[in-house]
Each structure stands twice: as C-alpha cells, then as structure tokens.
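Please consult the sequence and structure below while reading.

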Amino acid sequence: MNKVSVCFSPALYPFYAEKDTIFVIVDIFRATTSICSAFYNGAKSVRTVASVQEAKILKSLGYLVAAERNVKKCDFADFGNSPFDFTTAKVKDKEIIFTTTNETQAVEMALDADEIIIGAFSNMEVLFYYCLNAKKNILILCSGWNNRFCIEDTLFAAALTEKLLATNQFNYKSDAVKVTLDLWNVAKKNLKTYICESEHYERLRNNGLENSVDYCLTENTTPLVPKFDKSLNCFII
C-alpha cells in the first residue's frame, strides 16, 4: 500500500525526502493556483526561479515574467501572483518565468525528487486521479509562509489526503497527517470563514488582494496537472 505524507514547509523538506515519491507542491494563496490558471489559458511552460535577480535577467532576455514578493507584484514584472493576471490573450503559447515569496522556494528544495507536480483546489479532481493512478507514495509539500506553517496550504493537503485515504489504496504513518486531517474536520464545514482568520488572508486583505480568495478555494476550475520536466527545467502539461 502506498503512503501519503504532508510536509508543512520547505524548511522541513530534508526530513521527508524519499525515493519513488511524487511531490505535490502547494501554494494555495496564490502561486500554484496561478500556475494552473496560466496553463489552463494556454501557457506553453512555466519556469520557476528562486531569486528576483534571476527573474530580472530573464526579463531582459525577452521572457514574460511573473514576480511577487510579500504579496506585491514586483515593479519590473509583467504579472503579479493573481490567477486573474494570466489571461489567454497574455499567456497563450508563451513561456513564463515565475518567482514568488514561497512556492518557488519549495520547488527549488524539491528538485531532486523523482517527480514534481502542482496542486491546488482548482485542479483537485484531476490531481487526485493522477496521484491515485500513479501508484506511488505521495508527499504534499506545503509552501507555507517564509518557511513557517500556513493554514490554507495545510487544509488543501488535508482535503487531498482525505480523498486518497478513502480509496483504501493509501495509508499514513505520521503525526503531521493526523493533525492535518483533524484540522480539516473542523474547517471544512465552512472553509472560507475558517481561512479568513488566517495570517495570509489578512496579508492579502491589507494589500487589497483578497479578491482572488474565493477563486483559490474553488475546486476543479482548471482540470490539468502541471508537471516538472527536468530536461527542460520547467513545468509543462
């Protein structure tokens, strides 16, 4: 039987790294939701980079760049980190460079993994079936906030974990998963209300960016699974 695990932040990744495991990178507010949106609207690829400096260099070479730090769009960038930024008119058939406060750091940490995919509420169903049919261990790597625990990523991890466990083809052996599921049982009755008490929701609201929250919590709006291609050094579908 395959195992599902949850890692609360990139800082904990070294303690979870395992072979023959699919790593699901999660940053619900808002990077992984935005990446799914970009692909759904026709983007050719998304390459994540850890630093603003590297993103600026690639911008100077003609790439479209999505760049955000501390929820704010970087002044040189074509896009911020809202799923609404990546319209078909702007991204169809384009290669996009992506750097954010948290998600791109998580990707950098996991580059030695056998397989890396992108997870969000927006691609929940196809992601679930992808994980189920792969018949491998699953590690859900939450991007968190500056290497700290965050509620929204953990609740997504719980929602996906619950679905996987219900198939009886997965089990878990960690306190992190148990706590995650316990939190989900409290929050899922009214997910938006629960998340509106989180640090990151307040951060978005304080910067006038809370308009994307409902979309980020809506399931199955982007039915695709972005996958990291090591030979191309970017995400594709």
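Relative accessible area sorts residues into classes: buried means under 20%, exposed over 50%, and partly exposed in between, with a 1.4 Å probe and protein chains only. The model is predicted: local features need pLDDT of at least 70, side-chain atom pairs count only at pLDDT 80 or more, and totals for chains, interfaces and linings use all residues. Residues are numbered from 1 along each chain as its sequence is written, and side-chain values use heavy atoms, leaving out hydrogens and water. The structure contains eight salt bridges, each defined as a side-chain nitrogen of Lys or Arg within 4 Å of a carboxyl oxygen of Asp or Glu.

**Glu54 and Arg47**
- Glu54 pairs with Arg47 in a salt bridge whose closest N and O atoms are 3.4 Å apart.
- Glu54 is partly exposed at 31% relative accessibility, and Arg47 is partly exposed at 24%.

**Asp78 and Lys59**
- A salt bridge joins the side chains of Asp78 and Lys59, at 2.7 Å from N to O.
- Because Asp78 lies in the loop between β5 (72-73) and α3 (88-91) and Lys59 in helix α2 (residues 52-60), the pair ties together parts 19 residues apart in sequence.
- Helices (H or I, at least four residues) and strands (E, at least two) are DSSP runs numbered from the N terminus.
- Asp78 is partly exposed, with a relative accessible area of 26%; for Lys59, also partly exposed, the value is 28%.

**Asp182 and Lys178**
- The side chains of Asp182 and Lys178 form a salt bridge of 3.4 Å, N to O.
- Both residues belong to helix α7 (residues 175-187), where Asp182 and Lys178 are four residues apart, about one turn of the helix.
- Asp182 is partly exposed at 40% relative accessibility, and Lys178 is partly exposed at 43%.
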